[in-house]
Amino acid sequence: GSEIRNAFLRFFVSVFNNYEKYLVNGSGSDKFRNDDFVSSLNLPSKSQHFVSGILATQMFQRFVQERKENPSSPPILFFDQSIIAKNNRSKKTTLTSGGKKETPFLDDTSMKIQEVFTPPPPSNWGLEDGHRYHYGSFPTLDAKLFGKVRPPKQWPQQDAGTYRIVAKAAALKQQELIAKAMGPRASVLTVVTSSGGRSNVRDIEWATHVLSKVAGVDAARAKTGESLSSAQQQVLAARRKQGILLDIVITIQACCRMYIARRHYLERRKALITLQRRSRRTSPEKEQQEFRDAIECAVVLQSLTRFYFAKKRYQRLRNSSIVAQSWIRGAIARQKFKQLMASHFLQRWIRGSLVRCYMAKLRRSTILSQAIVRGRRSRFGYTLLFIAVSKSQALFRGYRTRKFISSLVKKRTMRYRQQIFVLWHHAHTPLAYRTKIWPLLDGSGFLSLTFAEGELERLWSELDIVTPPSPRQDSSPLKGDEHLVTAQRVGISSPCYLQFSKVQAMIERSKQNGGKTPWFAAVGSPHWKKAAEREKLER
């Protein structure tokens with residue numbers, strides 16, 4: 001059950017992922033833009049009909065109303081945060097929306113069901129061991145053990161006497177109106193409408209009810225002793241009366257239609273007779289004029305007919321002459337053409353030669369143009385590629401150089417720190433000064449390196465350290481120093497580091513001798529003794 005519920009939840013979360021964009025703010029009748037939402041899903045037509053059906057349900061309308069009125073309710077929070085959890089699982093959505101969003105309602109486990117309830121096993125009381133209940137079919141129930149069956153609810157019944165009086169008065173009024181319109185047929189209609197007191201609407205309804213539900217005959221009918229046969233008689237009588245009334249209505253319609261047709265025929269007949277009488281009242285002069293006009297028309301018609309036949313004979317003769325002339329002219333032209341074939345052949349050969357020369361020149365010029373265009377395109381592509389590769393190399397070399405320089409600065413600063421610490425000890429530098437200066441020598445950049453070099457130069461000056469000059473590079477103490485060689489290669493060598501290396505060599509030699517011989521000239525000077533006493537007092 002939980003898997004099915006989760007599957008439906010995933011479906012609705014996927015479909016209504018962006019439903020909040022289509023909520024309508026305000027108190028109008030339209031609370032959700034259904035058409036815009038369906039078109040935004042880009043679904044086939046059948047799927048669009050399905051989604052439109054979901055949006056038209058009362059369940060969705062109720063959801064939208066609760067979403068607007070009480071967005072903090074648990075069902076609304078559960079659905080909204082389920083959508084957020086789905087979006088958090090998508091890397092593309094999290095990158096475009098600025099990271100994952102929190103779902104405190106889903107993460108809250110305070111209301112989670114943690115107890116497990118195990119239902120008790122079925123009772124085997126009265127059974128032997130190893131036996132169990134088994135039914136081959138549904139058991140037969142004892143009707144005596146049933147409770148009291150409630151009677152079915154009946155429609156509210158009206159007063160039969162009042163209803164019949166009103167129906168009878170209406171039927172008599174209808175009978176009088178039809179009798180006035182029918183005349184001789186009124187006697188038949190009177191017999192039909194007055195044949196019994198049960199042939200009204202109320203009796204027909206009762207008969208239909210009895211025939212449809214025989215077991216549900218109400219108590220009033222049952223007391224009078226009426227049964228199914230009386231209901232059938234009522235229905236048959238109603239059908240018979242209905243048939244008679246239908247015949248009467250059809251007869252009335254036929255009489256009316258016959259009267260309308262007869263009246264229309266008489267009007268047309270009268271109009272035709274009037275026209276005939278007026279056309280027959282003409283004078284002899286008018287008849288003679290009409291005869292002369294007829295003769296003139298006949299003469300004109302004969303002249304037109306003779307002109308037509310003469311024109312046809314002329315056209316046949318003219319066409320024959322044109323055919324003969326064209327044949328003769330064609331024969332003469334063919335003879336002249338044969339005479340001029342030689343000159344035409346020569347002209348054709350010369351023109352062909354000129355065209356071939358022109359096409360050869362055009363082909364060479366086209367190939368040259370293509371070569372120029374392709375060469376320019378290739379050079380342009382090569383230039384772009386060269387610039388891109390140069391930029392890539394410059395970026396990589398710059399990164400490598402910066403990384404190397406940063407490492408070199410840090411290593412050199414660390415080596416400077418070691419010598420500064422030793423020189424501080426020999427120069428009896430106060431501890432307060434050391435405490436302020438030491439955090440600045442962390443090797444974080446050129447500022448720290450410059451500060452360390454300045455401190456070294458100050459200490460060398462204070463201790464009067466004089467290093468011997470190195471006449472040759474090969475005999476100097478820097479031979480084989482990897483840091484110095486690399487720094488000289490990239491062009492960042494400094495004389496301070498050369499001095500540092502020489503002083504470091506002097507310190508190493510002093511350690512090898514056990515510190516018996518002083519390696520700096522300031523030993524025993526008044527300034528050095530004063531600094532030693534100050535350090536002793538400070539300690």
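Trainee: How far apart in helix 15 are Arg458 and Glu455?
Mentor: Arg458 and Glu455 are three residues apart in helix 15, so about one helical turn separates them. Helices here are DSSP runs of H or I with at least four residues, numbered from the N terminus. The model is predicted, with local features needing pLDDT of at least 70 and side-chain atom pairs counting only at pLDDT 80 or more, while totals for chains, interfaces and linings use all residues. Residues are numbered from 1 along each chain as its sequence is written, and side-chain values use heavy atoms, leaving out hydrogens and water.

Trainee: What do the side chains of Arg458 and Glu455 meet in?
Mentor: They meet in a salt bridge, at 2.6 Å from N to O; the term requires a side-chain nitrogen of Lys or Arg within 4 Å of a carboxyl oxygen of Asp or Glu.

Trainee: Is Glu455 buried or exposed?
Mentor: Glu455 counts as buried, at 4% relative accessibility, whereas Arg458 is partly exposed at 32%. Buried means under 20% relative accessible area, exposed over 50%, and partly exposed in between, with a 1.4 Å probe and protein chains only.

Trainee: Changing topic, which residues are linked with Arg67 in a network of salt bridges?
Mentor: Glu20 and Asp80 are linked with Arg67 in that network. The Arg67 and Asp80 side chains meet at 3.2 Å, N to O. Arg67 lies in helix 4 (residues 58-69) and Asp80 in helix 5 (residues 74-88), 13 residues apart. Arg67 is buried at 16% relative accessible area, and Asp80 is buried at 11%.

Trainee: And how many salt bridges does the count come to?
Mentor: The count comes to seven salt bridges.

Terms used
Helices (H or I, at least four residues) and strands (E, at least two) are DSSP runs, numbered from the N terminus.
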